[in-house]
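I opened a notebook page for this model. My plan is to look things up one by one and write down what I find.

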Amino acid sequence: MAFLHAVSTGKSATKSVLKSRSLTPYLLLAPGLIWLVTFFIIPIFSLGSTSTMVRPDGAQIGVYVQELRFANYVDAFIANQDQYIRSFVYAGLATILALLIAYPLAYAIAFKAGKYRNILLVLVIAPFFTSFLLRTIAWTQILADSGPVVSAIKVLPFVDELFRINNTSTAVVIGLAYNFLPFMTLPLYASLERIDPRTLEAAGDLYANGLTTFRKVTLPLSMPGLVAGTLLTFIPAAGDYVNAAILGNPGTKMIGNVIESRFFAVVDYPTAAALSFTLMATILILVTVYIRRSGTDELV
Amino acid sequence: MANNKVSQDTGDLKLDRVSKHYGDFCAVDDLSLIVPDGSFFALLGPSGCGKTTTLRMIAGLEEPSAGTISIGDTDITTQKSYRRNVNTVFQNYALFPHLTIFENIAFGLRRRGVKDVKSEVESALNLVEMAHLAERKPNQLSGGQQQRIAVARAIVNRPEVLLLDEPLGALDLKLRRQMQIELKRIQTEVGITFIHVTHDQEEAMTMADTIAVMNQGKIEQMGSATDLYEAPKTAFVANFLGQCNLIKGKITSRAGDKATVTAKGLTFEVPLSRVATSNDSVFLGVRPEKLRLDDTGVNSIKNCVVTDRSFVGTSTQYLVRAPWDLELVVFEQNDEGLHDLRVGDTVSLEWDPEHTFALDGAGDINAGADLDDEE
């Protein structure tokens, strides 16, 4: 939601510039613009140009020249399509899992928590006080073969003796869902909290039972938060490599892991750049379609 | 808007010894009330008097701590709000912001599976004269328009009782007057029982057939606007409805059909039928417009001094100090008999015994005064 707000503020800022011709708006925009140009626009162009480079025969490792070879994209995609598709599947599953956990949580905080509301909100953000990496490693303990979760599940009669979670795709999805849960919870909370409780009473007054009130009033009114939350979870999850690296196995590598190893291990900059670009473009398309389909482009 | 889906056991709404406690706080205290079917009933009182809590219990949004609520022969005390055939017009309308006006009004009909939603909604829209706004969203409407839609959304369901919770509170004065007439017209047209909660005594008097004045969780007095105004039974009602002059006195005799009251050495007469207490210590009351600036009547106070004067168009309002520590309000109609007094002039006041009433003098003489401006 935050970045969409930024876009609309940008628009209105441009309008007022045209009206007042004052320098103030430009000066206010300057720090942000300089930041964006230095750390976003220039790197994007640099990344774009790297993506079509070629390593000349016999050159040293890490030396590339520009040859506008767009076939780099095709090669990179074909070589890594499994990881590519897997990234979106994992990110999608993690988003659904996070939504299933975050919605009741946000609902409870917004409507039922009373005086504990602020404490609960702090608890939602509390994990950020510890390093992302450490928290992910902690999950290897929680999901360990002899750990509490697996032992508990093994008590069930039909569970195989070899059942495990660590180093499986399940662990990766759990890790992703866990790590991005606050990004799902907070926007959901923000939009649920804005709902006038009297509209919910009005629904009850107009013959809607609890479930119908949720379906017809609460859920539609929380759509802006739901869309923002799912985007804020899905986008970083699709590009994540930490969870797959720590909680997965070689068969659960995501596109982030490939990009990481291309850049730092293999020093194959063009492939890494091409994959990054493809990932970015795909996410952009998915997000656009998603926002259009959910009909919240006005609401957000 | 004929509707066969609705259960048709309409009847009087009855509250029998209903109480509502929040911890130690008693919002509604052993309240009994019968609202006749088809009437326009007002619950009037200052903020915090329990009127909204009473309304919410009828709506099913709060459960009474004790007592029963029934419509006709059906006990609805513990019935869920979505099962009650009672609809509410909420204070700030509580329209669904994500739905069009049409869908807002259709909401209740769709939940009940009514067949002909379109024509029902259209006739409701016509009733409130808002048919041209069907496709708008609530936030594109003005306060007055939203108010009408809120009424339409409730009334389209043909409830047995329509509850209105300070429905005009958010509107400006002119629009409020207009909506008062409008609501009265709608009520007459549809014939549904309206229960209107308000802190505005003028609003209650203009619209309702019967008014119940509430104070501290109890009903002080119930009756028509004229009854309450001309013959209040408590100091609270006398002060809360309009303005009132109350004089502390003592009943010295009850003979025939009249009582004699003395206060500060003066004697006043009041018909026994207008004495609301068996106590001898009383507040003698008279409304400002019943006072005359003359000294010929049975009840009169001489040697008063004008301390303030304000011209308000149809009348001139004087503040007059009696020979003892008491200020009386006098309204004098601006017609031929006008006295045109100045501040500092000495005058006499007189009024007829039949415009006098006597209230129990045990309570607070200022109860209910200056409360009606609060929200």
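How far apart do the C-alpha centres of domain 1 of chain B and domain 2 of chain B lie? I looked it up: the distance is 39 Å. Domain 1 of chain B covers 13-227, and domain 2 covers 243-360. These bounds come from an automatic or database domain assignment.

Ground rules next. This is a predicted model, where local features need pLDDT of at least 70, side-chain atom pairs count only at pLDDT 80 or more, and totals for chains, interfaces and linings use all residues. Residues are numbered from 1 along each chain as its sequence is written, while chains are lettered from A and ligands numbered from 1 in the order in which they are written.

**Cores.** I looked for nonpolar cores (buried Ala, Val, Leu, Ile, Met, Phe, Trp, Tyr and Cys residues joined through C-beta atoms within 7 Å). Buried means 20 or more other C-beta atoms within 10 Å of the residue's own; exposed means 12 or fewer, and partly exposed is in between, with C-beta atoms placed from the backbone. The largest core has 100 residues. Ile58(B), Ala152(B), Leu163(B), Ile195(B) and Ala358(B) have the most contacts inside it. Helix α4 (residues 143-155) of chain B gives the most to this core, six residues. Helices are DSSP runs (H or I, at least four residues), numbered from the N terminus. Another core, of 49 residues, lies apart from the largest one and includes Phe183(A) and Ile259(A).

I then checked Ala152(B). Beyond neighbours within four places in sequence, Ala152(B) is in contact (C-beta atoms, placed from the backbone, within 7 Å) with residues including Ile105(B) and Met130(B).

**Phe263(A).** I found this residue in helix α13 (residues 255-264) of chain A. Phe263(A) touches Tyr269(A) and Ala272(A), leaving out residues up to four places away in sequence.

**A helix pair.** Helix α4 (residues 81-112) and helix α8 (residues 169-179) of chain A have axes that come within 8 Å and cross at roughly 55°. I noted that α4(A) and α8(A) are therefore oblique to each other. Leu93(A) and Leu97(A) of α4(A) are among the residues in contact, as are Val172(A) and Leu176(A) of α8(A). Axes are lines fitted to C-alpha atoms, for helices over the stretch in contact, and angles run from 0 to 180 degrees between N-to-C directions. Angles under 35 degrees count as roughly parallel, over 145 as roughly antiparallel, 65 to 115 as roughly perpendicular and the rest as oblique.

**Between the chains.** The contact takes 15 residues from chain A and 16 residues from chain B. On the side of chain A that touches chain B, α10(A) gives the most, with six residues.

Definitions and conventions:
Helix = DSSP H or I, 4+ residues; strand = E, 2+ residues; numbered from the N terminus. Contact = placed C-beta atoms within 7 Å.
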